[in-house]
Amino acid sequence: MTGTNDTILIIDDNDSSGMVLKTQLNAEGYAVEIAYNGRDGLSNLESGHFDLVLLDLMMPDMSGFDVLKVIRSRKHLSDLPVLIISALADLDSVIKSINLGATDYITKPVTNTILKARVEAALERKRRHDQEKIYLSQLEIERLRSEQLLQNMLPYAVVERLKQGEETIADSFDNVTVLFADIVDFTQLSNQLPPIDLVQQLNEIFSSFDQLADQHGVEKVKTIGDGYMVVGGVPIATPHHATAIADMALDMLQAIQRYTSPSGDPYTMRIGINSGPVVAGVIGRYKFSYDLWGDAVNVAKRMEEQSMAGKIHVSSETYELIKDRYHFVERGPVWVKGRGEMMTYFLSGRKSA
């Protein structure tokens, strides 16, 4: 006996033939059910689970060929092995059965040795096929997990290019807008928090910024300690990069007020913004990072460093792009390392439509 738990459905209108097959298969340890016409057989397949079908061809009302067509047309049954057992021994019937999707073909009368060998072979193929499907399903799950992780690290458009086989991704952009933000005095305040509370609070704050980035269609580049960097117009160029970043900055100042320091006071931020050309690309082979380079990035960082608590410090380059749509307060000339004196402004709000 095989000691198997496999279940077999016999579809045969001949009582004696069906019972003989059932007796032989029961003796080998298989669980067996019999349907005495094609329609009942299809009904059984819908209501129960079977690992193999033994199908007679010559049946009234609905032939075995018709039953086989229906089985193969139903997605959840398409892989079910079907072994034809028929008194028809002509080559045309064999070819037709195989073309319709039969797994094997045996002519009656069937010896117990042949029946056992063919049934075991069909079931073994099914087991291997089921294992392969499980393995492929697990591979697909892992692929999706890896892809999701990559999309959390890199812009979607960049991930798609990596999937297409690009090994080095570096692009020049003529005009983008870069924002740097930093939580005021967070380093000193962090000493008053347990590490887990510190990380949790930063995660909540930056997650709210991530939502704003999605809302405004800009790309988060990275976080550095308690600093946050975002860019508009990368990795897909857009003419509205400066207004998108300006709106993002104004919303960030509102969002940060929802969070309080250990002393109970709301956090405040310094924000700096600048516009200009940059190079953007992917760095790393095992730990990917998408970053920006260029003078425009350096100036944006200087704008943040020389900003004030609760203020959005904007370079003249960005000011010229959006001055008609927002309110500004002129700060005056500011010394910027590598650039000398620059006229800068504080962004104070949106103008009404």
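Trainee: Where is P109 found?

Mentor: P109 sits in the loop between β5 (104–107) and α5, and please keep in mind that this is a predicted model. The peptide bond that joins K108 and P109 is cis, with omega at about -10°.

Trainee: And what kind of peptide bond joins V234 and P235, cis or trans?

Mentor: That bond is cis, with an omega of about 0°, and P235 belongs to the loop between β8 (227–232) and α9.

Trainee: OK, on to the helices. Which residues of α3 are buried?

Mentor: In α3, which spans residues 64–73, the buried residues are G64, F65, V67, L68 and I71. They are on the same side of α3, because the arc they cover around the axis is only 160°.

Trainee: What do they pack against?

Mentor: The buried residues of α3 pack against the strands β1 (7–11), β3 (52–55) and β4 (82–86), and against the helices α2 (38–47) and α4 (91–99).

Trainee: How are α2 and α3 placed relative to each other, parallel or antiparallel?

Mentor: Their axes come within 10 Å and cross at roughly 20°, and α2 and α3 are therefore roughly parallel to each other. The crossing is right-handed. On the α2 side the contact is made by G38, L42 and L45, and on the α3 side by V67, V70 and I71; by class, these residues divide into 5 nonpolar, 1 polar and no charged.

Trainee: Which residues of α2 are buried?

Mentor: Those are G38, G41, L42, N44 and L45. Seen down the axis of α2, the buried residues fall within an arc of 155°, so they line one face of the helix. What covers them includes β1, β2 (31–35), β3 and α3, while the face turned away from the buried side carries the exposed residues R39 and S47.

Trainee: Now the other helix pair: at what angle do α8 and α9 pack?

Mentor: Helix α8 (residues 195–216) and helix α9 (residues 241–256) pack at about 150°, with their axes 10 Å apart. The two helices are therefore roughly antiparallel to each other, and their crossing is right-handed.

Trainee: Which residues meet there?

Mentor: From α8 the residues are I205, S208, F209, L212, A213, Q215 and H216, and they meet A244, D247, M248, D251, M252, A255 and I256 of α9. Sorted by class, that contact has 9 nonpolar, 3 polar and 2 charged residues.

Trainee: One last thing, is D182 buried or exposed?

Mentor: D182, which is found in strand β6 (residues 170–183), is buried, with a relative accessible area of 14%. If you leave aside its neighbours within four places in sequence, D182 is in contact with D226, G227, T268, M269, R270 and E304.

Conventions
Residues numbered from 1 in each chain as written. Predicted model: local features only at pLDDT ≥ 70, side-chain atom pairs only at ≥ 80, totals over all residues. Heavy atoms only, no water. Axes fitted to C-alpha atoms, helices over the stretch in contact; angles between N-to-C directions. Helix = DSSP H or I, 4+ residues; strand = E, 2+ residues; numbered from the N terminus. Parallel < 35°, antiparallel > 145°, perpendicular 65-115°, else oblique. Left-handed = near helix turned anticlockwise from the far one by under 90°. Contact = heavy atoms within 4.5 Å. Nonpolar A, V, L, I, M, F, W, Y, C, P; charged D, E, K, R; others polar. Buried < 20%, exposed > 50% of the residue type's maximum accessible area, 1.4 Å probe, protein only. Arc of directions from axis to C-beta.
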